[in-house]
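Please walk me through this protein model, from the overall fold down to single side chains.

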Amino acid sequence: MFEDVDAILLARIQFAFTVSFHFIFPAFSIGLASFLAVLEAMWLKTGKDLYLELFRYWVKIFAITFAMGVVSGIVMSYQFGSNWAVFSDRAGPVIGPLMAYEVLTAFFLEAGFLGVMLFGMNKVGKGLHFASTLAVAIGTLISATWILSVNSWMQTPVGFGVNEAGQFVPEDWWAIVFNPSFPYRLVHTVIAAFLTTSFIVAAVGAWHLLKNRSDRHARKMFSMAMGLIVVLAPAQIFAGDMHGLNTLEYQPAKVMAMEGHFQSHPNGAPLVLFGIPNSAEQRIDYAVEIPKLSSLILKHDLNAPLDGLDTVPIEDQPPVGIVFWSFRVMVAIGMAMLGMGAWGLYARWRGRMYDWTLLHRATVFMGPSGLIAVLAGWITTEVGRQPFTVYGLMRTAESASPLSAPAVGASLVAFIVVYFTVFGFGTWYILRLMRKGAHQGEPSLSANAPIRTAGITPGPATQMENAQ
C-alpha cells in the first residue's frame, strides 16, 4: 500500500498528526489550570459559593484534558526513538537534558499535587488545597517553558559544539536555554494558551446564557472570560509582531514564505493579503497586495528593502503554500479575537453583556478559534523551519531512522484509528460536561452545602452573606 511513498514523508505526517493532537490539550489545560487557581482564590477571598461551584465544574473538565494531554505526549515522545533516531542521537546531548528537566521540575510538580487538587478538598485544609491548585498551575507553565526552550533551540541553535561523532554537545547551557527566539516564543505561546481557554470558557458561558439569561454561573464565567479577552487579544498581536521581527532576524526564509515574497523588493515590499503561491514559477498568482505595507510592518519604513526567496537556494526553501496559508489563518483568527474583545467591552459598557443574543451566538462560534489558531501557528513555525530539524545545521532528510515506508505507513494508520477513537471519545465527554450547567449534579446551592461538602467550615462572613 505504501511501497511507492517516501518513508520520510510518512514519518513527518505521523509526527505532525500526533503532535497536533497532543498540543490542543496543553493549549487548553495551561490556561484552565490558572483559571482554576483564580476561581479558588476568589472563593477563599469572598466566601461566595458561586466560585466554588465554578471550580468544581471546571476541575472535572481539566482532569480529563490533562490526562489526554499526558497520554498523547508520552506516545508522541516515542517517535524520537522509532522514526527519528538519527536526530535523537545527534541532538540528544542538548535536548535530552532539557526534556529531563521538564519531567523533574514540572511534571513531577503537576503529578504530585494533582491528586490533592482533584480529590483532596474534603481531606486537607483550604490553604493546602489552594497551594496544590497553584502548584499544578505553575507546573503547567514550567512544563511549557522547558518544551519551548527545546523547540526554540532547534529553531535558533546556539551554545553548542560538535564532537567527532557529529553530535551537538552543550558548551553554554544559559545560551542554549535562553536562545534568541525562546523569550518571544514563550510569551506568544503562553498568551495563546490563555486566549484559547478564555474563548472556550466564554463559549460555554454564552451557550448557557442562550438557554437561560439569569444563570448566574454562566454570567460569571462569561464575564470573566470576556474581560480577559479584552486584555489578551491586543497583547497577543503585539507579542506576535515582536516574534515576527525576531524570526525575520534569525530565520528570514520562514518570513519570506509567510509573506509570500518570492522576489526581493529593493524599494519597499508589498503586503500580500491573498493569492495562490506558485513555487514552481516562484510567484504568487492572483495576488491581492497593499504596496509597501510589508516593509512598514517588518522594518517600520515604507521604502525599506526586503529580500525574497530568490536569495535562498531552492533546496533550502520551506514549503511556501502551507506556511503562507497557515500564517493567514492564524492572523485572521487573531483579528477576529480582537474584534470579539472590543464587542464584549462595548456590550459591558452598554449593560448588555447577558442579553445580547447575537454576541452570545458569535462567542459560541468562536469557542474553538483558539485551538485552530495555535495549530495554525505551530504549522507556520514547524513547516517554516523546513527543510531542517535543527535550523541551518541538520536536514530533516538526514534525521530519520532507516525505516521502510510500509512500516511507517502501518503505524500511521494505527495512530489515526486509535487517536480518533480514544481522543474522540474523550473530547465528546468533555463537550458533554460542558453542556451541563455548573449547578447540575452539585449539592444544594443554598446555605453552606458546597462549603461543608468541601470539608471547610464557613466563617462568620460567609454565613452572614448566605443568610442574606
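Start with the whole. This is a predicted model. Its secondary structure comes to 16 helices and 6 strands. Along its principal axes, the C-alpha trace spans about 75 × 50 × 45 Å.

Next, consider how the chain packs. Of the 468 residues, 50% are buried. Take the contacts between residues at least 6 apart in sequence: 76% of them join residues at least 24 apart. The chain exposes about 21200 Å². Carbon and sulfur atoms supply 68% of that area.

Now turn to the charged pairs. The structure holds 6 salt bridges. One of them pairs Glu-53 with Arg-216, with the closest N and O atoms 3.2 Å apart. Glu-53 lies in helix 2 (residues 49-77), and Arg-216 lies in helix 8 (residues 216-250), so this pair ties together parts that are 163 residues apart in sequence. The two partners can be set side by side. Glu-53 has 1% relative accessibility and counts as buried, because the cut-off for buried is under 20%. Arg-216, at 37%, counts as partly exposed.

Another salt bridge sits within a single helix. Arg-385 pairs with Glu-382, and their closest N and O atoms are 2.8 Å apart. Both residues belong to helix 13 (residues 369-385). They are 3 residues apart there, which means a separation of about one helical turn. Arg-385 is buried, at 6% relative accessibility. Glu-382 is partly exposed, at 22%.

A further bridge joins the side chains of Asp-285 and Arg-283, at 2.6 Å from N to O. Asp-285 counts as buried at 18% relative accessibility. Arg-283 counts as partly exposed at 41%. This pair is part of a network of salt bridges that links Glu-281, Arg-283 and Asp-285.

What surrounds Gln-282, leaving out residues up to four places away in sequence? Gln-282 touches Phe-262, Gln-263, Leu-309, Ile-314 and Gln-317. Gln-282 is found in the loop between strand 3 (271-278) and strand 4 (283-290). Its relative accessible area is 16%, so Gln-282 is buried. The side chain of Gln-282 reaches the backbone oxygen of Ser-279 at 2.8 Å. That side chain also makes a polar contact with the side chain of Gln-317, at 3.3 Å. For a sense of scale, look from Gln-282 to His-188: their C-alpha atoms are separated by 31 Å, and the two residues are 94 apart along the chain.

Which helix gives the most to the patch? Helix 4 (residues 85-119) does, with 4 residues. At 31% relative accessibility, Trp-173 counts as partly exposed.

The loop between helix 6 and helix 7 (182-211) holds Ser-181. Is Ser-181 buried or exposed? Its relative accessible area is 1%, so Ser-181 is buried. The side chain of Ser-181 reaches the backbone oxygen of Ser-152 at 3.5 Å. Setting aside residues up to four places away in sequence, Ser-181 touches Ser-152, Gln-155, Thr-156 and Asn-246.

Finish with a residue inside a helix. Thr-18 lies in helix 1 (residues 7-46). Thr-18 is buried, with a relative accessible area of 0%. Which residues does Thr-18 contact, leaving aside neighbours within four places in sequence? They are Met-76, Gln-79, Phe-415 and Tyr-419.

Conventions
Residues are numbered from 1 along each chain as its sequence is written. This is a predicted model: local features need pLDDT of at least 70, side-chain atom pairs count only at pLDDT 80 or more; totals for chains, interfaces and linings use all residues. Side-chain values use heavy atoms; hydrogens and water are left out. Helices (H or I, at least four residues) and strands (E, at least two) are DSSP runs, numbered from the N terminus. Buried means under 20% relative accessible area, exposed over 50%, partly exposed in between (1.4 Å probe, protein chains only). A polar contact is a pair of N or O atoms within 3.5 Å; within protein, one must be able to donate a hydrogen and the other to accept it, and residues adjacent in sequence count only if both atoms are side-chain atoms. Contact means heavy atoms within 4.5 Å. Accessible areas come from the Shrake-Rupley method with a 1.4 Å probe; for residues, only the protein chains shown count as cover. A salt bridge is a side-chain nitrogen of Lys or Arg within 4 Å of a carboxyl oxygen of Asp or Glu.
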